[in-house]
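Have the model open in your viewer and follow along, one spot at a time.

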Amino acid sequence: MTRIPLPASIEDAPAAARPLLEGVKAQLGLVPNLFRITANSPAALGGYLELNGALAKGELPAATRERIALAVAQRNGCDYCLSAHSYIGKNMAKLDDAEIAANRRGGSSDPKADAAVRFAVSLVEARGSVTEAEVAAVKLAGYDDAQIVEIVAHVALNTLTNYLNEAFDTPIDFPVVSADAA
């Protein structure tokens, strides 16, 4: 059971959140529990959707964004996000099981993506206080300044959803993956 209300339907959500949830439904065909629990604050839901949408138009490929999401969810112990991003990674970003496992361990079989995932893990573990050498390493792998900023933004965005789901015990509505089983 969630720690705050989980609107059972779009109509049960706050009025200001309903159009946002309708947009999620139009895009995904359904409204996952993450969006429904976040709808308790239309401002938070709107902010999340806007940042997520903006970053989707950025320079990082979808597969790299999913790799980062998996690594961050694993580090933050968020089973909801691990479940969601394992499903999305496999079915939409076309990551195989070995790659998903590598991402959860904080790396990647792709050398360039490996640098991004390792940098993302460093950001989480150091709470943003990465070293000059860590920034240099991700640059050396071929990421430009804009892409490095996007990696940081993806870590922040995924940390937000990890914290929302963990704080409110959001029920997992994807095939379940556990951080304990890494």
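**Starting from Arg 67**

Leaving out neighbours within four places in sequence, Arg 67 is in contact with Leu 95, Glu 99, Asn 103, Ser 108, Asp 110, Ala 113 and Val 117, where contact means heavy atoms within 4.5 Å. A quick word on ground rules: this is a predicted model, in which local features need pLDDT of at least 70 and side-chain atom pairs count only at pLDDT 80 or more, while totals for chains, interfaces and linings use all residues. Residues are numbered from 1 along each chain as its sequence is written, and side-chain values use heavy atoms, with hydrogens and water left out.

Arg 67 sits in helix H4, residues 62–76; helices here are DSSP runs of H or I with at least four residues, numbered from the N terminus. Is Arg 67 buried or exposed? At 12% relative accessibility, Arg 67 counts as buried (buried is under 20% relative accessible area, exposed is over 50%, and partly exposed is in between, using a 1.4 Å probe and protein chains only). Arg 67 is also 7.2 Å from Ile 100, C-alpha to C-alpha, although 33 residues separate them in sequence.

Now hop over to Ser 108, in the loop between H6 and helix H7 (111–125). Ser 108 is buried too, with a relative accessible area of 12%. Its side chain makes a polar contact of 3.4 Å with the side chain of Arg 67 (that is, a pair of N or O atoms within 3.5 Å; within protein, one must be able to donate a hydrogen and the other to accept it, and residues adjacent in sequence count only if both atoms are side-chain atoms). The side chain of Ser 108 also reaches the backbone nitrogen of Asp 110, at 3.1 Å.

Next, the helix pairs. The axes of H5 and H6 come within 10 Å and cross at roughly 140 degrees; axes are lines fitted to C-alpha atoms, for helices over the stretch in contact, and angles run from 0 to 180 degrees between N-to-C directions. That makes H5 oblique to H6, since angles under 35 degrees count as roughly parallel, over 145 as roughly antiparallel, 65 to 115 as roughly perpendicular and the rest as oblique. On the H5 side the contact uses Leu 82, Ser 86, Gly 89 and Lys 90, and on the H6 side Asp 97, Ile 100 and Arg 104.

Helix H3 (residues 42–56) packs with H9 at an angle of about 145 degrees, with the axes 11 Å apart. H3 brings Tyr 48, Leu 51, Asn 52 and Leu 55 to this contact, while the H9 residues include Leu 157, Leu 160 and Thr 161.

Stay with H9 (residues 145–168), which also holds Asn 165. Asn 165 is buried, at 2% relative accessible area. A polar atom of the Asn 165 side chain lies 2.9 Å from the backbone oxygen of Thr 161. Beyond four places in sequence, Asn 165 touches Leu 34, Cys 78, Tyr 80, Cys 81 and Thr 170.

Last, the backbone. Most residues other than glycine have a negative phi. Lys 94, not a glycine, has a positive phi of about 60 degrees. Lys 94 is in the loop between helix H5 (79–91) and helix H6 (97–104), and is exposed at 64% relative accessible area. Asp 169 also has a positive phi, near 55 degrees. Asp 169 is in the segment after H9 and, at 38% relative accessibility, counts as partly exposed.

Technical notes:
Helix = DSSP H or I, 4+ residues; strand = E, 2+ residues; numbered from the N terminus.
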